[in-house]
Amino acid sequence: MKIAMVGSGYVGLVSGACFADFGHEVVCIDKDQSKIDRLREGVMPIYEPGLEALVESNVAAGRLSFTTDLAEGIAGAQAIFIAVGTPSRRGDGHADLSFVNAVAREVGEKLANDAVVVTKSTVPVGTGDEVERIIAETGCNHRVAVVSNPEFLREGAAIGDFKRPDRIVIGTDDDFGREVMREVYRPLFLNESPILFVSRRSAELIKYAANAFLATKITFINEIADLCEKVGANVQDVSRGVGMDNRIGSKFLHAGPGYGGSCFPKDTLALLKTAEDYDSPIRIVEAVVKVNDSRKRAMGRKVIDALGGLDAARGKKVALLGLTFKPNTDDMRDSPSIAIAQALGDAGVEVAGYDPEGMEQAAPLMPDVQMCKTPYEAIEGADALAIVTEWDAFRALDLDRVKALAKAPVLVDLRNIYKPDHMRAAGFTYVSVGRG
Ligand SMILES: NC(=O)c1ccc[n+]([C@@H]2O[C@H](COP(=O)([O-])OP(=O)(O)OC[C@H]3O[C@@H](n4cnc5c(N)ncnc54)[C@H](O)[C@@H]3O)[C@@H](O)[C@H]2O)c1
């Protein structure tokens, strides 16, 4: 089957490469010429483990190609996926659907055969109706079914998630749409991945409800961590004890500096806007958004406290280890490190930063942070180091070298990757999240 993927970012590129790997013929389309040029040269525009090899082998097999020309890319495609961004709209937090709507219009204008148009972007309830309306408005006279197929992959583990998903959600009431989507996902169907067919509106809402729930779980354990600090309990033990209950589950119960990334912050906000529009507020998610927002900057204050408070912190130097919102990605969108660096900068603290993959994206977002080539370069002369992202590279720092390079052996571990007793025995002033 020929598949067109409009939008070749984290989701579009991974999905396109995986569909090609299933044996489909895939054209990835993007309006960003430099992205397409790089892809044609075999250079990945994003960091995602395993992606380069997957793209390379499927290009070599003649199943995967790239273009900026939408008409050429969708010609003969039975399934046309929309995988463009849906960021928060400036000013009000609604999902900005301008990219999705623009693709719908262009597809309507250029379609030359019957096709299923699939929204893979995360879009608010009712967007499928709007995409259908826009396509009809272009005067397109081919048979078109608009289907919702939200994506649940995680950056950093995207290929595995795509190929072995917990579930595939397909929202449509249209037989043609259902038939084409069955064919698209047939290889996974044979793998016994659960496929859930629901209405288009339910599919659209499933994605937001899932992300809001996960954001709530993270925020819940973060507040429990704060309580642990006050009462002298250990949040890792609490979290283990809670998560062993099968009704709760152990995932997303790791206390830290607050959630960030390309999805949770914007999707929780967009869900709240939908809820408001329909006069059906979701107060629990309202609280989650507020708590998480204030937490990121509070983590900056935690580092300042470790330096001895605001007065003592002025003029001191902090090494920030890990800048991306989580490990194994170069994605900096809404990363807690941005608010932490800002809080430190506001307090007159000099900040040096290091990240294994995210420095190129981080540099313009934190212009006052001195970007370093290694963690040790950042640590040199630092009065404290703060681990913001749990990259494997930080799990086994050479502690003697750290002590020799740093001005003071102060470690603020915002991901709880070290053991307090071990660090204290090694001569560090060690501060973690929710461990007494
Ligand atoms: N990143 C994730 O982990 C993730 C996971 C699940 C769902 N999603 C959702 O998937 C969607 C895409 O997210 P992303 O992270 O891949 O975004 P992204 O910003 O990495 O990629 C979007 C791409 O679309 C391209 N684009 C925009 N308008 C276009 C047009 N008119 N024609 C062709 N290309 C166009 C952009 O140039 C860009 O390359 C969003 O709705 C997001 O919420 C993302």
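Student: How many residues surround the ligand, and which are the closest?

Tutor: The ligand is surrounded by 25 residues, the closest being Asp-30, Lys-35, Thr-86, Glu-155 and Lys-266, where a residue is near a molecule if one of its heavy atoms lies within 4 Å of it. Please keep in mind that this is a predicted model, in which local features need pLDDT of at least 70 and side-chain atom pairs count only at pLDDT 80 or more, while totals for chains, interfaces and linings use all residues. Residues are numbered from 1 along each chain as its sequence is written, and side-chain values use heavy atoms, with hydrogens and water left out.

Student: Which side chain has an N or O atom 2.7 Å from a nitrogen atom of the ligand?

Tutor: That is the side chain of Glu-155.

Student: How much of the ligand's accessible area does the protein cover?

Tutor: The protein covers 89% of the 840 Å² that the ligand has on its own, with areas from the Shrake-Rupley method and a 1.4 Å probe, and for residues only the protein chains shown count as cover. The elements giving two or more residues to the shell around the ligand are helix H1 (10-21) and helix H5 (98-110); helices (H or I, at least four residues) and strands (E, at least two) are DSSP runs, numbered from the N terminus.

Student: Back to Glu-155, then: which side chain makes a polar contact of 3.3 Å with the side chain of Glu-155?

Tutor: Ser-262 does, and a polar contact is a pair of N or O atoms within 3.5 Å, where within protein one must be able to donate a hydrogen and the other to accept it, and residues adjacent in sequence count only if both atoms are side-chain atoms. Ser-262 is found in the loop between H11 and H12.

Student: Why is Ser-262 called buried?

Tutor: Ser-262 counts as buried because its relative accessibility is 12%, and buried means under 20% relative accessible area, exposed over 50% and partly exposed in between (1.4 Å probe, protein chains only).

Student: And His-254, is that one buried or exposed?

Tutor: His-254 is exposed, at a relative accessible area of 64%, and it lies in the loop between helix H11 (235-243) and helix H12 (264-277). Leaving aside neighbours within four places in sequence, His-254 is in contact (heavy atoms within 4.5 Å) with Ile-221 and Asn-222.

Student: Where is Lys-326 found, and what does its side chain reach at 2.8 Å?

Tutor: Lys-326 is in the loop between strand E9 (317-321) and helix H15 (336-346), and its side chain reaches the backbone oxygen of Glu-155. At 22% relative accessibility Lys-326 counts as partly exposed, and, not counting residues up to four places away in sequence, it touches Arg-154, Glu-155, Thr-389 and Trp-391.

Student: Which residues does UniProt list for "binding site"?

Tutor: The unreviewed UniProt entry lists several, including Glu-155, Lys-207, His-254 and Lys-326; UniProt positions are in the numbering used here, feature names are shortened, and annotations may be inferred rather than shown by experiment. The listed residues are spread over 175 residues of sequence and also in space, up to 23.6 Å between C-alpha atoms.
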